[in-house]
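Subject: Handing over a structure

Hi,

Here is the structure I promised to pass on to you. Have a look at it first, and then read on for what turned up in it.

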Amino acid sequence: MLRQIRADHDARTLTVYQAYAPAVADAALRAGRFVPPFSFRRMTWIKPSFRWLMHRSNWARKPGQQRILAVRITRSGWEEALSRAVLTTSDPSAVADAAVHVQWDPERSLRGAPLNHYSIQVGIGRDLIRTYADEWVVGLTDLTDRVRTIASLLQSGRAAQAQRLLPPERPYEAPRAIADRLGIDG
């Protein structure tokens, strides 16, 4: 499938991943929810693909992205976001007015190479950011140590061991109307 949502999910929740500066991650983990210095004034991008975020954050080594959080959100919140989303390739005026943006980027291998299928990235806009943080988020887990362990295993040529530490991801079936509008396969 060219465009398929693959995620860690169950009947009630779905996990997305985000990379933050230590101050943002520490405050959120202490409070058990997003609090300042998390920004409620700008779009936040959530990604159900762990490997894509590892590519984007350079395995938690990019400045401002040194901490990796697994963010468990409600399926109803995830589907509300998708139902309000506009593809970033849409008409620019529709994108500018959208509460949520969706883009498809090449999925990444464990070593960061682009694959022949795409991962979804979902941008939650300012109008929904409080709803995301206060109503949809049901749990935060710091994965930074695991990320560093995986990166170390990869650097030392132990990819099979690294692979076993990846969070599980399996196809997520979006409601048909959402799938059709956002170009989700199958």
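Predicted model: local features only at pLDDT ≥ 70, side-chain atom pairs only at ≥ 80, totals over all residues.

Two strands are said to pair if DSSP finds at least two bridges between them. Strand 2 (residues 13-20) and strand 4 (residues 67-74) meet that description with eight bridges, and they pair in the antiparallel sense.

The overall picture

The protein chain has eight helices and nine strands. Its radius of gyration is 16 Å, close to the 16 Å that the globule rule gives for 186 residues, so the chain is as compact as a globular protein of that length. Along its principal axes, the C-alpha trace spans about 45 × 40 × 30 Å. Of the 186 residues, 50% count as buried. If you take the contacts between residues at least 6 apart in sequence, 74% of them join residues at least 24 apart.

Another open sheet is made of four strands in the order 3-7-6-5, and here the pairing is mixed. Its edge strands are strand 3 (44-46) and strand 5 (85-87), each pairing on one side only. Neighbouring strands of this sheet are turned by 40 degrees against each other on average, direction ignored. Strand 5 and strand 6 (residues 100-108) run parallel and are joined by three bridges; Val 86 has His 101 in strand 6 as its bridge partner. Helix 3 (residues 75-83) packs on this sheet, where it touches strand 3, strand 5, strand 6 and strand 7 (114-124). The direction of helix 3 makes about 95 degrees with that of strand 7.

The nonpolar cores

Which members of the largest nonpolar core touch the most other members? Among its 40 residues, they are Phe 34, Ile 73, Trp 78, Val 122 and Tyr 132. Helix 5 (residues 129-136) gives the largest share of this core, four residues. Leaving aside neighbours within four places in sequence, the contacts of Tyr 132 include Phe 34, Ile 46, Ile 73, Ile 124 and Val 137. Apart from this core lies another, of 18 residues, and Tyr 17, Phe 50, Met 54 and Ala 70 are among them.

Two residues to look up

Thr 144 is in helix 6 (residues 144-155). Is Thr 144 buried or exposed? Thr 144 has a relative accessible area of 2%, and therefore counts as buried. Its side chain reaches the backbone nitrogen of Ile 68 at 3.0 Å. Beyond the residues within four places in sequence, Thr 144 is in contact with Gln 66, Arg 67 and Ile 68.

Gln 4 sits in the segment before strand 1 (6-9). At 16% relative accessibility, Gln 4 is also buried, because the limit for that is under 20%. Not counting residues up to four places away in sequence, Gln 4 touches Trp 104, Tyr 118, Pro 171 and Ile 184.

Happy exploring, and best wishes

Note on methods. Residues numbered from 1 in each chain as written. Heavy atoms only, no water. Core = buried A, V, L, I, M, F, W, Y, C linked by side-chain atoms within 4.5 Å. Buried < 20%, exposed > 50% of the residue type's maximum accessible area, 1.4 Å probe, protein only. Helix = DSSP H or I, 4+ residues; strand = E, 2+ residues; numbered from the N terminus. Contact = heavy atoms within 4.5 Å. Axes fitted to C-alpha atoms, helices over the stretch in contact; angles between N-to-C directions. Polar contact = N/O pair within 3.5 Å; in protein donor to acceptor, adjacent residues only side chain to side chain. Rg over C-alpha atoms; globule rule 2.2 N^0.38 Å.
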